[in-house]
Amino acid sequence: RPDEAKQRAQQRVQLRLGTNVFQLSIDRRRLAIEREQDKPFDVAITTNTACLRRVVFGQQTLAHARRTGEMSLEGDEKVAAQFLQMFSRPQLFEQAS
């Protein structure tokens with residue numbers, strides 16, 4: 001039987017950054033963010049902003065962050081991996097003189 005999260009087009013991620021908790025809804029690569037902690041989720045990611053930035057921008061793997069204890073997951077690991085890979089690193093632009 002297919003997993004409930006896979007049956008839905010929308011995925012729900014709870015992002016716990018210290019005392020800040022955000023509820024993220026992802027639907028066809030569109031992202032909605034709320035500041036809540038009592039909604040159901042497919043996966044909860046607990047980390048700090050520095051580690052999140054490193055993993056999102058490819059400077060650290062999810063596996064390494066989990067192994068070192070800098071990031072923990074509760075729920076569907078595939079949903080977490082998809083969420084963490086949906087961002088691209090911002091490009092730096094040089095200012096004209």
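Q: Why does Ile26 count as buried?
A: Ile26 has a relative accessibility of 7%. Buried means under 20% relative accessible area, exposed means over 50%, and partly exposed is in between (1.4 Å probe, protein chains only), so Ile26 counts as buried at 7%. This is a predicted model, in which local features need pLDDT of at least 70 and side-chain atom pairs count only at pLDDT 80 or more, while totals for chains, interfaces and linings use all residues. Residues are numbered from 1 along each chain as its sequence is written, and side-chain values use heavy atoms, with hydrogens and water left out.

Q: Where is Ile26 found?
A: Ile26 is found in strand 2. Strands are DSSP runs of E with at least two residues, helices are runs of H or I with at least four, and both are numbered from the N terminus. The C-alpha atom of Ile26 is 5.1 Å from that of Gln11, although the two are 15 residues apart along the chain.

Q: What makes strand 2 largely enclosed by the rest of the structure?
A: Strand 2 covers residues 20–27, and six of its eight residues are buried, so the rest of the structure largely encloses it. Ser25 also has its place in strand 2, and at 17% relative accessibility Ser25 counts as buried.

Q: Which residues is Ser25 in contact with, leaving aside its neighbours within four places in sequence?
A: Contact means heavy atoms within 4.5 Å. With those neighbours set aside, the partners of Ser25 are Gln10, Gln11, Arg30, Leu31 and Ala32.

Q: How many bridges join strand 1 to strand 2?
A: Eight bridges join them, strand 1 being residues 10–17, and the two run antiparallel. Two strands pair if DSSP finds at least two bridges between them, so strands 1 and 2, with eight, are a pair. Within this pairing, Gln14 stands opposite Gln23. The two strands form a hairpin with two residues between them, and Gly18 in the turn has a positive phi of about 65°.

Q: How many bridges join strand 2 to strand 3?
A: There are five bridges to strand 3 (residues 30–34), again in an antiparallel arrangement. Here Asp27 stands opposite Arg30.

Q: Why is the pair of Phe83 and Phe87 called edge-to-face?
A: One aromatic pair turns up in a search of the whole structure. Its ring centres, those of Phe83 and Phe87, are 5.5 Å apart, and the planes stand at 90°, so the pair is edge-to-face. The rule is that rings of Phe, Tyr and Trp (its six-membered ring) pair if their centres lie within 6.5 Å; planes under 30 degrees apart count as stacked, over 60 as edge-to-face and the rest as tilted.

Q: Buried or exposed: how do Phe83 and Phe87 count?
A: Phe83 is buried, with a relative accessible area of 3%. Phe87 has 32%, so it is partly exposed.

Q: What do Leu31, Ile33 and Phe87 form on the surface?
A: They form a nonpolar patch, with about 250 Å² of accessible area together. Leu31 lies in strand 3 and counts as partly exposed at 35% relative accessibility. Patches are made of residues with over 30% relative accessible area and no salt bridge, joining like charges within 9 Å and nonpolar side chains (Val, Leu, Ile, Met, Phe, Trp, Tyr) within 5 Å. A salt bridge is a side-chain nitrogen of Lys or Arg within 4 Å of a carboxyl oxygen of Asp or Glu. Accessible areas come from the Shrake-Rupley method with a 1.4 Å probe; for residues, only the protein chains shown count as cover.
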